[in-house]
Amino acid sequence: MHVRGVLLPTGEPGDLWVADGVISAQPVPGAVTVCDGGYLLPGLVDAHCHVGIGAQGPASLAEAAEQAGADRDAGTLLIRDCGSPIDTRPLQARDDLPRIIRAGRHLGRPKRYIPTIGVELDDPALLPQAVHEQAAAGDGWVKLVGDWIDRDCGELAPLWPDHVLVEAIAAAHAAGARVTAHVFGADALPGLISAGIDCIEHGTGLSAETITEMATRGTALVPTLINIEMFPAIADRAAKYPRYAAQMRALHARVRDTVGAAVDAGIAIFAGSDAGGGIQHGRLVDEIAALRTVGLTGAQALAAGSWAARDWLGVPGLVPGAPADLLVTRTDPRLDSDALRNPALLMLRGRVL
């Protein structure tokens, strides 16, 4: 096949040829032109997605496939699955679904995360071994629950001692895996960042000090802005814990300033919908649009959900030999994120969808 248009991120007019599911370095004789005109970009990337979490907890494999299909139909062709309670490896073998990079199961403590979702460790000292096991079970990522409500004190609190985090993150790195953590509040962040964590999810509790430390260390941030919009509703359901409810409302109120400060500091930011459970699948474009409201330019927000995210995850974009995972928009998606909602062409593994 042959596709012609403006190639992103360069912005230069060009041609792409596809043969045997990959982008060809040379023109392909007899190729059929399937799209002529528009803007060509690598398939979208949801850097925080949960394929396998349903409304009531673990989903069936069939439900997980439907979730991945909804993401695919909305242009997401690569998913970093940021923790799932079920084994989704069978979905990786399907050529009709997005590519999935799995982080295994969440690692948490009893009564300190959503029930049935993660592995619950009775003793924090077990974390390094559990990280080693999840590194072996996943695809190069491990997911920690960094903080959650502690019902004894009635507010967000860290789950792990700092010295255990140092050992656990070192164990992941020794196994060739990166580590990320769910963090809403402020108190868990210094220990996680100083222990060498690779990424922070949500990050609503970031301060000037922790932002500076993340920027210095090269720690990435996936802010999941459309998830943060749920914080007031979460607070409304937490009347039994007024301090926690007040925390959630305060974190929501300043999230754009918080993430904006991270943008200004030069922290690498990637688009993640947090789909699964409370967020519907197929909403990545909403997240890309939201990133434009916190200081990213249109091109930066698009990169956060496409070519820059692919580079971060080690998956090539529109280069010879790369999988032909791409979409074509009729107008410039750097200027208007809505251009992504109705692509002129969607191609996965060289197959026109």
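**Spaces and a sheet in a predicted model**

Searching the whole structure turns up one cavity of 30 Å³ or more. The model is predicted. Rolling a probe the size of a water molecule over the atoms shows where empty space is left.

Start with the largest cavity. About 30 Å³ of space lies inside it. Its lining is made by His106, Gly108, Arg109, Tyr113, Ile114, Gly118, Val119, Glu120 and Val145. By class, four of these residues are nonpolar, three are polar and two are charged. Arg109 and Glu120 are the charged pair, because Arg and Glu count as charged.

Now turn to the largest pocket. Its volume is about 830 Å³. The lining takes in 33 residues, and Ile114, Trp148, Met230, Ile234 and Arg237 are the closest to the pocket centre. The pocket lining divides into 16 nonpolar, 12 polar and five charged residues. Ile114 lines the largest cavity and also belongs to the lining of the largest pocket.

Next, the sheet. Strands of a sheet pair through backbone hydrogen bonds, either parallel or antiparallel. Here three strands form an open sheet in the order E5-E8-E9, with parallel pairing. Strand E5 (44-49) and strand E9 (99-102) are the edge strands, and each pairs on one side only. On average, neighbouring strands of this sheet are turned by 15° against each other, direction ignored.

Look at the E5 and E8 pair. Four bridges join E5 to strand E8 (residues 76-81), and the two run parallel. Val45 stands opposite Leu78 in E8.

How values were computed: Residues are numbered from 1 along each chain as its sequence is written. This is a predicted model: local features need pLDDT of at least 70, side-chain atom pairs count only at pLDDT 80 or more; totals for chains, interfaces and linings use all residues. Side-chain values use heavy atoms; hydrogens and water are left out. Two strands pair if DSSP finds at least two bridges between them. Axes are lines fitted to C-alpha atoms, for helices over the stretch in contact, and angles run from 0 to 180 degrees between N-to-C directions. On a 1 Å grid over the protein atoms alone, a cavity is a set of points where a 1.4 Å probe fits but cannot get out, and a pocket is an open set with protein on both sides within 12 Å along at least five of seven lines; lining residues have an atom within 4 Å of a point. Grid points are joined across faces, edges and corners, and a volume is the space filled by probe spheres set on the points.
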